[in-house]
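Here are some notes on the backbone of this model. Please keep the structure open while you read.

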Amino acid sequence: MSGSTGTRRVRVGIIGCGEIAQKRWIPCVKHEEHALLVAVSDIDATLAERTAREASVPHHYSDHGKMLEEASIDAVIVATPTPTHLSVTLDALAAGKHIMLEKPMCLDLGEAEQMAAAVRRSDLVFFPLPYDAHLSYLKAHELIKAGFLGRPVAIESAAIHPGVNHADWFYRKGAGTLNDMGVYPISWMVGFMGPAKKVSGFESTIRKVRNLNSGVAVKAEVEDNVALILEFDGGVLGVMNTNYAAGGLIDNVIFHATVYGTEGIIHLDHGENLVVFSRREVPDSSVVEFEGQKVYSVKFPPVSDMTRNSWSGPEIVRDFLACILKGNRPAPPLPNLEQQVHVIEIIDKAHQSARDGVTKALKTTFRP
């Protein structure tokens with residue numbers, strides 16, 4: 001790690017130059033004073049070269065293996081399609097690089113266990129998304145632990161999106177809305193309630209043909225409409241819905257969760273809003289009317305001026321770099337190995353449940 005002004009800087013390479021890298025990771029890494037974007041790679045050599053030129057990145061590669069071997073980097077951000085996550089992550093671990101891995105971590109529990117074994121053999125920072133630790137989530141977690149809801153009894157969550165139109169792999173085997181979108185609310189649910197014990201899954205495909213921005217029509221091979229029921233310790237139940245089928249969304253996406261307790265309710269979204277039904281006064285809140293009732297509302301400022309335009313990326317990169325610089329293994333509420341292995345098992349078993357028509361028991365666990 002180096003820096004001309006004395007600031008320690010993590011030298012970063014990005015694997016995968018698609019939309020998520022262009023809109024989130026490249027601008028956010030370049031924004032961070034503790035990061036230096038050294039190289040990018042993509043199997044599309046033209047895209048890699050253009051990305052490096054437009055972002056003023058000194059090195060570009062069409063083979064991530066060569067980048068791992070030749071570029072002077074400390075860490076990588078893996079932003080490739082999900083089916084490649086296992087092989088690319090194993091390559092990066094073997095090369096001794098810290099890793100931020102795009103969600104979902106991998107395809108199934110078998111891959112997750114293989115990845116986990118390799119991570120545990122290393123002393124590297126492994127930061128598997130999604131990132132739960134947004135301000136609304138942290139505040140909700142604090143209020144739940146402080147007893148503002150009494151004893152939690154149920155949780156609902158949702159991630160709704162009309163469906164992406166920039167790449168066909170989202171509708172091929174190994175993708176689908178549960179893997180791509182459901183991973184967010186599932187991670188929230190287990191973050192709040194702890195590891196789940198059982199899952200029942202229900203899936204359907206509403207929009208069987210997708211018209212991409214390129215003009216190509218793609219026949220969907222995967223589900224675009226999913227509902228899950230989760231059972232937690234103590235009789236707590238959870239319901240999750242995710243789909244790529246809803247339209248009319250003003251900002252194109254909905255992320256929210258509602259936690260029900262014996263003494264109150266918390267409703268939060270993925271960004272800056274949290275509403276609390278409670279008999280106790282909530283600190284640092286204002287009283288507003290919501291669904292005909294007086295409730296406590298907590299609003300949070302954007303993390304930075306970049307937050308909205310980069311899909312909430314600055315805080316994610318900041319926390320990844322901090323783990324590297326401090327030598328800390330990420331633990332909840334930050335993205336961490338054990339929680340995401342559990343999330344992947346839920347997704348894997350939910351697919352099995354939908355196929356077989358039976359509830360599936362879960363074997364993995366983690367410490368929230």
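1. Start with Pro-333. Pro-333 sits in the loop between α8 (314-326) and α9 (337-356). Remember that this is a predicted model. Now look at the bond just before this residue. The peptide bond from Pro-332 to Pro-333 is cis. Its omega is near 10 degrees.

2. Next, go to Pro-104. Which residue is joined to Pro-104 by a cis peptide bond? That residue is Lys-103, and omega for the bond is near -15 degrees. As for location, Pro-104 belongs to the loop between β5 (98-101) and α5 (109-120).

3. Ser-56 is not a glycine, yet its phi is positive, at about 55 degrees. Where is Ser-56 found? Find the loop that runs between α2 (45-54) and β3 (59-61).

4. Is Ser-56 buried or exposed? Its relative accessible area is 60%. Exposed means over 50%, so Ser-56 counts as exposed.

5. Asp-284 also deserves a look. Asp-284 is a residue other than glycine with a positive phi, near 55 degrees. The loop between β15 (273-278) and β16 (286-290) holds Asp-284.

6. Finish with the accessibility of Asp-284. Its relative accessibility is 71%. The cut-off for exposed is over 50%, so Asp-284 is exposed.

How values were computed: Residues are numbered from 1 along each chain as its sequence is written. This is a predicted model: local features need pLDDT of at least 70, side-chain atom pairs count only at pLDDT 80 or more; totals for chains, interfaces and linings use all residues. Side-chain values use heavy atoms; hydrogens and water are left out. Helices (H or I, at least four residues) and strands (E, at least two) are DSSP runs, numbered from the N terminus. Buried means under 20% relative accessible area, exposed over 50%, partly exposed in between (1.4 Å probe, protein chains only).
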